[in-house]
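I opened this entry to look up charged side-chain pairs and then the arrangement of strands. The notes follow the order in which I checked them.

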Amino acid sequence: MSVFIFEDNPIQGERIKQMMIEKLAQANTGMEVTTTSRLENILEQLTFTDSSNLYILDLEIKKDKLAGLNAAKEIRALDQHGIIVFLTSHAELAPLSYQYMVSALTFIEKKNWQVISDALDQVVAHFLGHLDNASEEMLLVENEQTIFQLPLKEVIYITTIEAHRLELISTKRYIQFHGSLKEFEQVKKQLVRCHQSYMVNLEHVLCIQQKEKQIELTNGEMIPVSRRFYAKIRQQIGEYRHAYK
């Protein structure tokens with residue numbers, strides 16, 4: 001994991017870099033911190049670094065007030081789990097981040113260096129906690145408002161509610177978004193089709209009822225199993241329990 005600072009003011013960029021080095025040193029991470037005014041430098045390094053990096057992006061680069069937002073969009077395409085933070089003198093642009101759907105952690109306003117330092121303390125604490133959970137398998141879904149990263153173990157099932165629109169049911173929430181179940185096939189081994197309109201997480205299957213052709217789930221719901229998928233999902237349930245239980 002690395003920290004990338006996207007800043008075109010070399011003095012500010014270097015000061016933020018030194019702040020981050022000192023704050024990360026207190027946690028003995030030995031993490032590399034890079035500052036640059038060229039997005040290409042970050043994208044090139046992403047080819048050779050792990051995902052789940054921290055990105056501190058100035059919104060305005062070379063008088064382009066949307067440069068940071070556009071950079072975040074390209075970064076998110078390569079690093080779905082990274083932490084994105086915007087550093088800006090244009091707090092009024094904060095709502096635009098929702099339109100760009102890059103799941104930014106926060107906006108840090110450039111009021112003074114103490115404000116920036118205090119905000120970065122919170123960012124570092126969040127980032128280090130994020131690293132502790134980085135090994136947890138996640139599922140990424142996107143709707144009109146934002147991008148959600150959910151622990152896979154919380155996903156119970158996904159169902160089609162109308163043409164090209166899905167609903168994800170987890171242990172904590174319901175999320176509706178555009179897409180098709182086919183897009184999730186082969187994404188995670190424990191997410192499997194049991195019906196034309198349903199995909200289930202094997203971790204949440206209690207039992208499969210042969211007569212009723214239904215699956216009983218850990219949240220108490222029953223979902224259908226079609227004849228087409230019945231034999232295969234019985235096999236998948238058995239293999240999953242043998243491997244993970």
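Predicted model: local features only at pLDDT ≥ 70, side-chain atom pairs only at ≥ 80, totals over all residues.

I counted a salt bridge wherever a side-chain nitrogen of Lys or Arg lies within 4 Å of a carboxyl oxygen of Asp or Glu.

I noted Asp58 as buried, with a relative accessible area of 5%, whereas Lys110 counts as partly exposed at 22%.

I then found that Lys110 also forms a salt bridge with Glu7, where the closest N and O atoms are 3.2 Å apart. Glu7 lies in the loop between β1 (2-6) and α1 (10-25), so this pair ties together parts that are 103 residues apart in sequence. At 4% relative accessibility, Glu7 counts as buried.

A further salt bridge joins the side chains of Glu185 and Arg193, at 2.7 Å from N to O. I recorded Glu185 as partly exposed at 30% and Arg193 as buried at 15%. Through shared partners, salt bridges join Glu7, Asp58 and Lys110 into one network.

Turning to the strands, I traced an open, antiparallel sheet of five in the order β10-β9-β8-β12-β11. Strands β10 (174-178) and β11 (191-195) stand at its edges with a single partner strand each, so one side of each is left without a neighbour in the sheet. Within this sheet, β8 (residues 155-162) and β12 (residues 198-201) pair over three bridges, and the bridge partner of Ile158 in β12 is Met199.

Methods. Residues numbered from 1 in each chain as written. Heavy atoms only, no water. Pairing = 2+ DSSP bridges. Helix = DSSP H or I, 4+ residues; strand = E, 2+ residues; numbered from the N terminus. Buried < 20%, exposed > 50% of the residue type's maximum accessible area, 1.4 Å probe, protein only.
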